[in-house]
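Here are my notes on the model, as numbered points. Please read them beside the sequence and the coordinates.

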Amino acid sequence: MPELPEVEALRDFLTEHLTGREIVRVLPVAISVLKTYDPPLTALEGRRVAAVHRHGKFLDVETADGPHLVTHLARAGWLHWKDGLPSGMPKPGKGPLALRVALETGAGFDLTEAGTQKRLAVYVVADPQQVPGVARLGPDPLADDFDEARFAALLDGERRQLKGALRDQSLIAGVGNAYSDEILHAAKMSPFKLAASLTDTETARLYAALRGTLTEAVERSRGIAAGRLKAEKKSGLRVHGRAGEPCPVCGDTIREVSFSDSSLQYCPTCQTGGKPLADRRMSRLLK
């Protein structure tokens, strides 16, 4: 799933390629991705793009004196930029194409979604706060006013494990499964540690890991074309998706804990005092 760094890179890319350009056509190919109907998609047509914003993992294309096109790419969605869009109307079907946005220049972008779980979401709204997922977002961890004191206040009394707390979009916006693994590895903390149990020193260390990991990822992604962002994300990850490989810090084998629809990766030496965490799903399979 694209997370804060990748969506921020897409925002940069689209700011350069969309701002000031006129949208001439918005073509829904998979009607299921459209979550709003008033204003209609046609309200975007004939308007110039005023700005492109990011709200957590949401991408927001703002038109001049018109509505916003807000997109959440979900787990398997992506944006593909084309300097020259194909001529003719795309045909609805079983392919990955979900929505096409065409500009006056002949360029534009496609929104696609792979797999069978269709969760890509597109909204056309007068105000991004009309999108439920945007309205419930917590603070952006890279915002100037997101300091250590604010972070500590968010965790105060938080009884969940760190992994779940970091992924909660209403607590902190933009961090998902991959970067929560990376942040906890950088902070040398177990994903199962309770947020409320952190000392002041540990809170400071986790805050530094949060800001540092996301800032580094954004900088790695900056200036990279949209089509290469997925590969860049994977190449920069130290533990996520690398179960069985050596930890780049200590050399221990990276372990995995599996859940029904996701998994986490961690280094026992760096994060859990050398003790492997119980993988409940694997334990059940072995019985």
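1. Threonine 203 touches Phe151, Ala152 and Leu198, leaving out residues up to four places away in sequence; contact here means heavy atoms within 4.5 Å. The residue is found in helix H6. Helices (H or I, at least four residues) and strands (E, at least two) are DSSP runs, numbered from the N terminus. At 10% relative accessibility, threonine 203 counts as buried. Buried means under 20% relative accessible area, exposed over 50%, and partly exposed in between (1.4 Å probe, protein chains only).

2. On the source: this is a predicted model, in which local features need pLDDT of at least 70 and side-chain atom pairs count only at pLDDT 80 or more, while totals for chains, interfaces and linings use all residues. Residues are numbered from 1 along each chain as its sequence is written, and side-chain values use heavy atoms, with hydrogens and water left out.

3. Which residues make the contact between H3 and H6? Helix H3 (residues 148–155) and helix H6 (residues 200–221) pack at an angle of about 115°, with their axes 10 Å apart. The contact is made by Glu148, Phe151, Ala152 and Leu155 of H3, and by Thr203, Ala204, Leu206, Tyr207 and Leu210 of H6. Axes are lines fitted to C-alpha atoms, for helices over the stretch in contact, and angles run from 0 to 180 degrees between N-to-C directions. H3 and H6 are therefore roughly perpendicular to each other; the classes are roughly parallel under 35 degrees, roughly antiparallel over 145, roughly perpendicular from 65 to 115, and oblique for the rest. Their crossing is right-handed. A crossing is right-handed if the near helix is turned clockwise from the far one by less than a right angle, and left-handed if anticlockwise.

4. H6 also meets H1: the axes of H1 and H6 come within 9 Å and cross at roughly 40°. H1 passes H6 in a right-handed crossing. On the H1 side the residues are Leu4, Pro5, Glu8 and Ala9, and they meet Leu214, Ala217, Val218 and Ser221 in H6.

5. Aromatic pairs: a search of the whole structure finds four. Phenylalanine 13 and tryptophan 81 form one that is edge-to-face, at 5.9 Å centre to centre with 75° between the planes. This pair links distant parts of the chain, with phenylalanine 13 in helix H1 (residues 4–18) and tryptophan 81 in strand S5 (residues 77–82), 68 residues apart. Rings of Phe, Tyr and Trp (its six-membered ring) pair if their centres lie within 6.5 Å; planes under 30 degrees apart count as stacked, over 60 as edge-to-face and the rest as tilted. Phenylalanine 13 is buried at 12% relative accessibility, and tryptophan 81 is buried at 17%. Elsewhere, Phe146, Phe151 and Tyr207 form one aromatic cluster.

6. How many disulfides does a search of the whole structure find? The search finds zero, a disulfide being a pair of cysteine sulfur atoms within 2.5 Å. Cysteine 247 is in no disulfide, and its nearest cysteine sulfur, that of cysteine 267, is 3.7 Å away. Cysteine 267 is also in no disulfide; its nearest cysteine sulfur belongs to cysteine 250, 3.4 Å away. Cysteine 247 counts as buried at 4% relative accessibility, and cysteine 267 counts as buried at 0%.

7. Histidine 240 lies in the loop between helix H7 (229–236) and strand S9 (255–258). With a relative accessible area of 18%, histidine 240 is buried. Beyond its neighbours within four places in sequence, histidine 240 is in contact with Asn177, Ala178, Asp181, Glu182, Ser263 and Gln265.

8. Lysine 163 is placed in helix H4 (residues 162–167). Is lysine 163 buried or exposed? Lysine 163 is buried, with a relative accessible area of 7%. Not counting residues up to four places away in sequence, lysine 163 touches Asn177, Ser180, Asp181, Leu184, Pro191 and Leu264.

9. Backbone points to check by eye. The peptide bond from aspartate 38 to proline 39 is cis, with omega near 5°, and proline 39 is found in the loop between strand S1 (22–28) and strand S2 (47–55). Aspartate 65 has phi near 55°, a positive value in a residue other than glycine. Aspartate 65 is exposed, with a relative accessible area of 78%, in the loop between strand S3 (58–63) and strand S4 (68–72).
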